[in-house]
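Come along as I look things up one at a time.

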Amino acid sequence: EMSEMSERSKQNVAHGLAWSYYVGYLKIVLPRLKKSMEEFSRANPNLPACRKTWKLHILVPLSCAIYDELEKADSNIQYVTELTETTLARGGIKKRVYKHSLYAITDEENQLWHCAVEYATPLQTLYAMSQEECAAFSREERLEQAKLFYRTLEEILKGSKECADAYRLIAYEEPEEVETHFLSREIVWHLRQEHHEEIAVPERSHLHTPSTALDSAELNLQISVSDLPQPLRTDGF
């Protein structure tokens, strides 16, 4: 009965992780991000500035596979510097530091794109749970939870006035065959979309969409009819 009640009220792993990520991190850092980008732009006038890309680009790999260093995921992504940090007292921790990394991303034409980008770190928890036998969390369940995490986070952020226009969620599935510069292409595609935000809808409809890019509509189709994944199984990994 308790399990069924938890499912009906969305008290599951992905839902809780999404809310924790928002309340404990994104709601704190996103309202301050544009100021950090403005300060960086003033201090580095030699770097091209596009205000439409002054967002935190949040990577959501549905496999939950996360690299601690983006350069190891794709050599076309190179660290540039840290943006201005935010220091707050939080949960008994004095002077807790929040900061973001700026990266230069090389596209297929050797053009450089600069943006703040990082993984949605709660996905590390989902991945770790699928590796722990005591968690009874299979790879299939991990995928369902990753999709639900994305959908829940998207809904939360859409309703957040504080975070409006300060983020870009990039959900994707890695190709089965290894592609050396898959991730950089995904990010650059989203940066190009941001550059074209002001273009009329008929023109924008002709823009290329990578086959691996996922939006909420596709995820709605991939997840079961209900908002929640099926109950966790214990039939192995």
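Predicted model: local features only at pLDDT ≥ 70, side-chain atom pairs only at ≥ 80, totals over all residues.

**Entry 1: cysteines.** Cys-163 has a relative accessibility of 0%, so I filed it as buried. I then looked up Cys-115, which also counts as buried because its relative accessibility is 0%. How many disulfides does the structure hold? My search returned 0.

**Entry 2: the chain as a whole.** I stepped back for an overview. I counted 8 helices and 8 strands in the chain. The chain has 237 residues, and 42% of them are buried. I also looked at contacts between residues with a separation of 6 or more, and 72% of these join residues 24 or more positions apart.

**Entry 3: the largest core.** Which residues touch the most other members of the largest nonpolar core? I found Leu-26, Leu-30, Ile-58, Phe-149, Leu-153 and Leu-157, out of 39 residues in that core. I then checked where the members come from: helix 2 (13-43), strand 1 (56-61), helix 4 (123-131), helix 5 (139-158) and strand 7 (167-172) each give at least two residues. Helix 2 supplies the largest share, with 13 residues. I noted another core lying apart from this one, with 16 residues that include Leu-59, Leu-70, Ile-77 and Val-117.

**Entry 4: Leu-157 and its neighbours.** I listed what Leu-157 touches, leaving out residues up to four places away in sequence. My list reads Tyr-22, Leu-26, Leu-30, Cys-163, Tyr-167 and Leu-169. I was pleased to meet Cys-163 again here.

**Entry 5: Leu-169.** I followed that list on to Leu-169, which sits in strand 7. Is Leu-169 buried or exposed? I put Leu-169 down as buried, because its relative accessibility is 10% and the cut-off for buried is under 20%. With residues up to four places away in sequence set aside, Leu-169 touches Ile-58, Tyr-150, Leu-153, Glu-154, Leu-157 and His-190. I also checked Leu-169 against His-57: they are 112 residues apart along the chain, yet their C-alpha atoms are separated by 6.1 Å.

**Entry 6: helix 5.** I gave helix 5 an entry of its own. Helix 5 has 20 residues and spans 29 Å from its first C-alpha to its last, close to the expected 28 Å. How many of its residues are buried? I got 14 of the 20, so I call helix 5 mostly covered. A reminder to myself: an α-helix has 3.6 residues a turn, so residues three or four places apart point the same way.

Entry 7: I picked Gln-145 in helix 5. Gln-145 counts as buried because its relative accessibility is 4%. My next stop was Ser-160, in the loop between helix 5 and strand 7. Ser-160 is buried, with a relative accessible area of 4%. Its side chain makes a polar contact of 2.9 Å with the side chain of Tyr-22, a residue I had already listed as touching Leu-157.

**Entry 8: aromatic pairs.** I searched the whole structure and found 6 aromatic pairs. In one of them, the ring centres of Tyr-21 and Phe-149 are 6.2 Å apart and their planes lie at 35 degrees, so I noted the pair as tilted. Tyr-21 in helix 2 and Phe-149 in helix 5 are 128 residues apart, so this pair links distant parts of the chain. Tyr-21 is buried at a relative accessible area of 5%, and Phe-149 is buried at 0%.

For Tyr-79 and Tyr-103, I found ring centres 6.0 Å apart and planes at 75 degrees, which makes the pair edge-to-face. This pair also links distant parts of the chain, from strand 2 (residues 77-82) to strand 5 (residues 101-106). Tyr-79 is partly exposed at 39% relative accessibility, while Tyr-103 is buried at 9%. Last, I saw that ring pairs link Tyr-21, Tyr-25, Tyr-98 and Phe-149 into a cluster.

Definitions and conventions. Residues numbered from 1 in each chain as written. Heavy atoms only, no water. Core = buried A, V, L, I, M, F, W, Y, C linked by side-chain atoms within 4.5 Å. Buried < 20%, exposed > 50% of the residue type's maximum accessible area, 1.4 Å probe, protein only. Helix = DSSP H or I, 4+ residues; strand = E, 2+ residues; numbered from the N terminus. Contact = heavy atoms within 4.5 Å. Phe/Tyr/Trp six-rings, centres within 6.5 Å; stacked < 30°, edge-to-face > 60°. Expected span 1.5 Å × (residues − 1). Disulfide = S-S within 2.5 Å. Polar contact = N/O pair within 3.5 Å; in protein donor to acceptor, adjacent residues only side chain to side chain.
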